[in-house]
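User: Good morning. Could you take me through this model?

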Protein chains: 4
Amino acid sequence: MTLHKELKREAYEANLEIPKQALALYTFGNVSAFDARQGVFAIKPSGMPYDEMTADDMVVVDLDSRVVEGSLRPSSDTKTHAVLYRAFEGIGGVCHTHSVHAVAWAQARRAIPIYGTTHADHLTVAVPVTEVISDEAVARDYEEETGHQIVRRMQGISPQEVEMIVVSCHGPFTWGKNAMKSVYNARVLEELAQMAYLTQSIDPLARELPPAVIRKHYERKHGAGAYYGQAR
Amino acid sequence: MTLHKELKREAYEANLEIPKQALALYTFGNVSAFDARQGVFAIKPSGMPYDEMTADDMVVVDLDSRVVEGSLRPSSDTKTHAVLYRAFEGIGGVCHTHSVHAVAWAQARRAIPIYGTTHADHLTVAVPVTEVISDEAVARDYEEETGHQIVRRMQGISPQEVEMIVVSCHGPFTWGKNAMKSVYNARVLEELAQMAYLTQSIDPLARELPPAVIRKHYERKHGAGAYYGQAR
Amino acid sequence: MTLHKELKREAYEANLEIPKQALALYTFGNVSAFDARQGVFAIKPSGMPYDEMTADDMVVVDLDSRVVEGSLRPSSDTKTHAVLYRAFEGIGGVCHTHSVHAVAWAQARRAIPIYGTTHADHLTVAVPVTEVISDEAVARDYEEETGHQIVRRMQGISPQEVEMIVVSCHGPFTWGKNAMKSVYNARVLEELAQMAYLTQSIDPLARELPPAVIRKHYERKHGAGAYYGQAR
Amino acid sequence: MTLHKELKREAYEANLEIPKQALALYTFGNVSAFDARQGVFAIKPSGMPYDEMTADDMVVVDLDSRVVEGSLRPSSDTKTHAVLYRAFEGIGGVCHTHSVHAVAWAQARRAIPIYGTTHADHLTVAVPVTEVISDEAVARDYEEETGHQIVRRMQGISPQEVEMIVVSCHGPFTWGKNAMKSVYNARVLEELAQMAYLTQSIDPLARELPPAVIRKHYERKHGAGAYYGQAR
């Protein structure tokens, strides 16, 4: 019997979006869904193909990454997820993919410039990029330290306003109010990464969007007087 | 009971072409269908996923963007559509997408050069690009002013001969004799944008098509003695 | 009653490969199938969407491009096809697409270098590119002259050994022993064009394949002692 | 009656992955499955379309490439496979594709730099590239010599740790513990090739991944204390 049926189903369905949105190959990538009240999250089992797993295969762990339900080994990136849940109050899902354009910016170790309104519809700054992880941090606790790299880079930035980052040399991590929203952000990030790539190829000196347009696009969707979408 | 059943169905079916032709993600993009006799147009509801909406969800508004039928909030770009219907006599549909190559040219703030006959089959000049919108215009009425930017850039150009534009830092707007034709133009624009991108990557000094070939291709499809397509 | 049922079916099925292989949008592109004994070919009707046409809609014309069977107007590129059938002995099909990478090379007005064995499996030289058509030729008879441009560029080259060309500023034309083979060549050309594009992006000074490898790959597939494929 | 039913089925199913993963067009590419005990392998018949062949069409050959079962001619690359089975102890499958990004690196005659963790999850060095084959080797025995080129380039490298290579001017060859794993490696190689291409386009001076991260990623998946995937 499961104590976390709904949480596991939420994680499962969000994970299935990764192959559906072509955000990673084979077993790559992982999504988790967080239950803040209980302090646990459900995450993809490590190295399992998306089309073979079931909702019941999701592994439930606590914020110290100890398995509390499930017989499989959780994603090798579990500790990174745990760090984000501990640090970013109010988030309910974390997603990690290897989508190609976002990975390319990560491998080039560059923030993704805010060139247009598609970007400003989602965040008001360049998509941040972490520092390259140090040899010491790798030796200490690689996945935990990857989380700390992200949190450090997000200092002074609201994780509600910026729900995506690229980890240098690695790839994208995104989050959101729930698991599905974190995958939505991963898909949007891949699109922004591709658009920025193409823009810079057309004009290596392309300039960022004027601040007034950034603010306008973000506010009409997320501000106090937002008028994008339906009243909720 | 609806007074605009046919108009809403036309808008609905044209909107469904956006995901089908892969011109935008999730809820991005919007198409409208115009009834010139009644001075109203039907448009996609704001922020609604394409696969969840029905024909009946389309919102009918007048040329001042006031809702005349429908319970949902119309697309946040509604005022831009209204400006185009007021300015461009004879058009029956407007489409806005975030297709990646067209957006890249918009973000690079460049017109799309007319490099080949695929382009000349549809228009005789580079795809125009608007000025970057001013901070004042953003503050005044952003979506209305986006429409004015387009109309200003189109001065001296026939909206029947040039049915597409890229709005600087934003993305493509297209129009046509009806809603479906405006989406057709959006798909063609994305193809022209990709072809021009690849051409410029192969040769940064690529030259535009000779005027005689431009004229020939356009005329055989759209001129008085057109012989492309079937007699109508 | 039709005198050319089989020929029309051959043309029809080959035309359907164009959208299936994603070689052109909407109504773009056209394929024809040639009956050398009767001196006629069946070709796609002009401007007709691929998913609306039937085998019976194919138009049969003679080598002067006069319609001998069918009630629709033949492709606007019919005269170009006719020139190729008159000039290239032994071919049985011609295909014209607007596939994006092949068009990009055409728009850059460059031959596609023979960088690798995928290319040498099909031809032993760079994919030729025509001259840009002159204003006089455009005025005289555009489609006929496009055929002459191709034939002129192919002088001294065997149309059995080189079954593909890019027409400057326009796009690819391919041919083969039958209609389906001409579309096969169009798909292969698009692949070679993409591979060459990527190669040149990685190394703008990339060198062509050594002659011994070119000859080996071509001969093992097409030479007297060919050992690729099954005995026929 | 077949003596190698299972082996042929393994080869057949692995070959079907090539079109499914979009790793080659039409009849291009080939996979083989090796039975080390009997010293034979089953391979795709030469020049046969993937959707027309059956498991029974697979050709079984010995390590001298002599047909021991089957009525069709084996892949023209059979001798290359045989060389690899003779040289790389413990492998059970070989795959050759013409996937576009891997071919582009091959045509540029460059190793694929190890820019990120997706790469380090699979191997700890740049994907090796062979020398360009000499005219003498082409004349001697082209396919056999292609195998020798690969083996020579792999000297001092474990074929268990590096299961992929690009053959200069030609394309990728991959291998693995069985046929399906060799195709998995071909798909991964294509992804790494695309990511490296994009990375280098964003920053032509992009640096390789720090050694500590390379080692960490490889070890967590393949080392003695591996914790990626499920216990086996």
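Analyst: Two strands are said to pair if DSSP finds at least two bridges between them. Helices (H or I, at least four residues) and strands (E, at least two) are DSSP runs, numbered from the N terminus. This is a predicted model, in which local features need pLDDT of at least 70 and side-chain atom pairs count only at pLDDT 80 or more, while totals for chains, interfaces and linings use all residues. Residues are numbered from 1 along each chain as its sequence is written, chains are lettered from A and ligands numbered from 1 in the order in which they are written, and side-chain values use heavy atoms, without hydrogens and water.

User: Which residue stands opposite A:Ala33 in β2(A)?

Analyst: A:Ala33 faces A:Ala42 there. The strands concerned are β1 (residues 30-35) and β2 (residues 40-43) of chain A, which run antiparallel and are joined by 4 bridges.

User: What order do the strands of that sheet in chain A have?

Analyst: The order is β4-β3-β2-β1-β5-β7-β6 in chain A, an open sheet of 7 strands with antiparallel pairing. Its edge strands, each pairing on one side only, are β4 (67-69) and β6 (164-167) of chain A. On average, neighbouring strands of this sheet are turned by 25° against each other, direction ignored. Angles run from 0 to 180 degrees between N-to-C directions, and the axes are lines fitted to C-alpha atoms, for helices over the stretch in contact.

User: What holds strands together in general?

Analyst: Strands of a sheet pair through backbone hydrogen bonds, either parallel or antiparallel.

User: Which strands of chain A does α1(A) lie across?

Analyst: Helix α1(A) lies across β1, β2, β3 (59-62), β4 and β5 (93-96) of chain A, and runs at about 155° to β1(A). Helix α6(A) also packs on the sheet, where it touches β1, β5, β6 and β7 (171-176) of chain A, at about 140° to the direction of β7(A). Contact here means heavy atoms within 4.5 Å.

User: Which residue forms a salt bridge with A:Arg9?

Analyst: The partner of A:Arg9 is A:Glu13, with the closest N and O atoms 3.3 Å apart. A salt bridge is a side-chain nitrogen of Lys or Arg within 4 Å of a carboxyl oxygen of Asp or Glu. A:Arg9 and A:Glu13 are separated by about one helical turn, because they are 4 residues apart in helix α1 (residues 5-20) of chain A.

User: How many salt bridges are there over all chains?

Analyst: The search of the whole structure finds 60.

User: Moving on to the interfaces: how many residues does the contact take from chain A and chain D?

Analyst: Chain A gives 32 residues and chain D gives 37 residues. Together they bury about 3,100 Å², 57% of it on carbon and sulfur atoms. Buried area is the accessible area (1.4 Å probe) that two parts lose on being put together, summed over both. On the side of chain A, the residues that lose the most area to chain D are A:Tyr26, A:Arg73 and A:Gln107, together 21% of what that side buries.

User: How many salt bridges are counted between chain A and chain D?

Analyst: There are 3 salt bridges between chain A and chain D. In one between A:Arg110 and D:Asp203, the N to O distance is 3.6 Å. Helices α3 (100-107), α5 (135-153) and α6 (179-202) of chain A each give two or more residues to the side that touches chain D. Of the elements, α3(A) gives the most to that side, with 6 residues.

User: How far apart are the nearest C-alpha atoms of chain A and chain C?

Analyst: They are 11 Å apart, and chain A and chain C do not touch. Chain B and chain D do not touch either, with their nearest C-alpha atoms 11 Å apart.
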